[in-house]
Every structure is written in structure tokens, then in C-alpha cells.
Amino acid sequence: MTTTLTRLRGPLTFTALIAAATLVVPHLLEPFRLNLLAQYLCYAIVALGIALAWGRGGMLTLGHGVYFGIGGYAVAIHLTLARTAADPLSPDRLPQFMVWSGRTELPWFWTALTHPAAAIAAAVLVPGALAALLGWSVFRQRVRGAYFAILNQALAAAFVILLIGQQHLTGGSNGLTDFPVFAGHSLYSPTAQTTLYTLTVLTLAALYLLFRHINRSRYGKLLLAIRDGEDRVRYLGYDPTWAKTLAYTLSAMAAGIAGALFVPILGIISPTLVGVIPSIMMVLAVALGGRYSLAGAATGAVLVNAAQTTFAETFASGWTYLQGALFVLVIALAPQGLAGLAHHATRALNRRRTPTPEPTTAGSPT
């Protein structure tokens, strides 16, 4: 009986957390705070992907803002088209920034995202395809470590330059905003925001279970071996290229899904949300929570973004310094993040609870 309860403790705790998040939290938080929590959970989805690629596979990814942005812009383009289609003042159903830029027709990739299903598919598949192409090209050349991180950061910088430079196609530095409807439903109603929050929670839970299964599979063990000794894995006859590429691709797809959810929740997407600094912040949040733990990475993302909001509201002129101090404090005291700190605390508590056997003396019965 005790063994069965121990085995079911994890699934029951996970189910209880999901039930509380979807059924209780929406009634406890006002709409504004619920919307903020939904945004934090989107970043938690990105953190799960980074934990898979970096924590399990050893690939330091400093460019996940690119994949987050691709997913966000794919859905934002569809929402912009839906708004202009319902606006009788929009000439040829063109967004205002395209009219001001002198365009007379929609670009081909805008036309392809007219249907919501196409936008959702693009938000998942395009980041995955780009990551697969980049990963296969790079890992085949045995590029890793700091070089791979710098390459990702350069990709994020180039992505922002592209978005700003192609103003007539992307809206430039202003980005895309004002999304009143999605699939015929208003995004401004409280019901819609609650639905988006619930969808984000369920998506986060599904991806957590998927990545947890991957980590515990034979493929996950291979990723772990590659992280700890890639050259040794090659010597044993395995090719790390495909394994690392798959993990990197799944990580990018998770970021694309997060971006697709983030846009209707926040109501805007712009280069400032997907550039180098946001990409680094995503990685720092995972480091703070614990890159070796999926739950720790997701928790770190929520805590970092919640701390950013709290500091910004309380100390408007110095919240960045407080946030930096938080990073330094946690990483200095807990190199494995909050998850590692919790793990050590749990082990210490279990050792205290376990009774120490009394030493036997000579001649005493055994």
C-alpha cells in the first residue's frame, strides 16, 4: 500500500496542480493579474524547451527569441488580416503600415496565413524547420559550446534587424498590434482571456509530460551521455548530430507554440520582445530555476517574470538592479538553480527523518 501511494504521489500532485490552476486560480485573480500570469506561463513553455536542449543536451541556446518571435508573428499576421477584413475603411484589406509604405497587395506569406489553422501550423512548423536546418548544419560540423551560443545570439540579432528593416512587411519597430478577434471570437472579453489562460496551462502541462517522457527514454539517456561526453559517444559508434538536432528542433517548436499563445494574450508583438536581450533573459530564467529540471526551469521563468513585474511596479527607477541582484544571489548560492537547492534540502530532510541504527556492543544479541 505504501509503495502504491509513493508511486502515485507524483501523478496525483501534478493533477492537483493543473486542476487548481485551471479551476481555482481564474476565480482568485482579477483579469489583469490573470493575463500577466498567462504571459508568465508562455515563458515557462519556452523554458521547458531550453531545459531540454541545454539542461539535457548541453546546447546553450541564446537565440530562442527568434523561434518565439516566428510563432508570435505568424499568429499576429493572421489576427491583423482578420481585423482588416472586418474594417470597411481598409483599402484592399491591407494593414495601414503597408498602405503608408506604398504597397498595393499582400505579400505571399501574409496571404498564406489567412486561415487560423495555417497560422497555428506555421507557428509550430516554421521554427522547427529553421532549427532543424540550422542544427543539422552546425552539429554536423561539430560546433558546440560557446561557439554555438554565439551563433544563436547572432541569429537573434539578425532576426531583429530583419524585422525592423522590412517595415513594409513586418510593421518595423512598432510591430503588430490591435487584435480584436480570433476565429470569429472577441479577444477583449473576460471569457476569452480566461480561455487563453486555460489553454496555456494545458499546453504547458502537455509539453511538460512530453519532455519528461523524452528525458526518461533511451533517447533522453543518449542526450545525457552526449552532454557529459560527446567525444566518448562518438567513439562508441553513435552519431550525436541527429540526437542534438532533434532536441534543438523540439525546443524551437515549443518556443514557437509559446509565441503563438503570447500574442493574443498580450495583444502585441514587436522586435523588442524577441531580440537578443529577451533571448538571454529566457536562458537566465532557466538557469535560475534549474536547467537540469523541467519543473525548475518552468518555475524559474514564472518567478523571474513575476519579479520583474513586481520590481517594476514597486521600484520603477531601479528594478533592473534588483533583478540583477536576484540573479547573482541565486546563482552564487545555488549553481544548480532553485531546483537543485530544493533537491538538496529534500535529501537533508529525508536523512534527518531516517533513524540512525544504534551501534551494537560486544556480546549483545544481533
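**Confidence.** pLDDT is the predictor's confidence in each residue, on a scale from 0 to 100. I checked it before anything else, as this is a predicted model. The protein chain averages a pLDDT of 87, and 90% of the residues score at least 70. Among the elements, I found the highest mean pLDDT, 96, in helix H11 (residues 240–266), and the lowest, 71, in helix H15 (residues 337–353). A note to myself: where pLDDT is low, the predicted coordinates should not be read in detail.

**Nonpolar core.** Next I went to the largest nonpolar core, which has 93 residues. Which of its residues touch the most other members? I listed Tyr67, Phe68, Leu176, Tyr197, Tyr248 and Ile269. Helix H2 (residues 31–56) gives the most to this core, with 18 residues.

**Phe68.** I then looked up what Phe68 contacts, leaving aside its neighbours within four places in sequence. The partners of Phe68 are Tyr43, Val46, Ala255, Gly256, Ala258, Gly259, Phe262, Leu273, Val274 and Met282.

**H9 and H10.** Last, I looked at helix H9 (residues 190–216) and helix H10 (residues 218–235), whose axes come within 4 Å and cross at roughly 70°. That angle makes H9 roughly perpendicular to H10. On the H9 side, I noted Ile214, Asn215 and Arg216 in the contact; H10 brings Arg218, Tyr219, Gly220 and Lys221. By class, this contact has 3 charged, 2 polar and 2 nonpolar residues.

Key
Residues are numbered from 1 along each chain as its sequence is written. This is a predicted model: local features need pLDDT of at least 70, side-chain atom pairs count only at pLDDT 80 or more; totals for chains, interfaces and linings use all residues. Side-chain values use heavy atoms; hydrogens and water are left out. Axes are lines fitted to C-alpha atoms, for helices over the stretch in contact, and angles run from 0 to 180 degrees between N-to-C directions. Helices (H or I, at least four residues) and strands (E, at least two) are DSSP runs, numbered from the N terminus. Angles under 35 degrees count as roughly parallel, over 145 as roughly antiparallel, 65 to 115 as roughly perpendicular and the rest as oblique. Contact means heavy atoms within 4.5 Å. Ala, Val, Leu, Ile, Met, Phe, Trp, Tyr, Cys and Pro count as nonpolar, Asp, Glu, Lys and Arg as charged, and the others, Gly among them, as polar. A nonpolar core is a set of buried Ala, Val, Leu, Ile, Met, Phe, Trp, Tyr and Cys residues joined through side-chain atoms within 4.5 Å. Buried means under 20% relative accessible area, exposed over 50%, partly exposed in between (1.4 Å probe, protein chains only).
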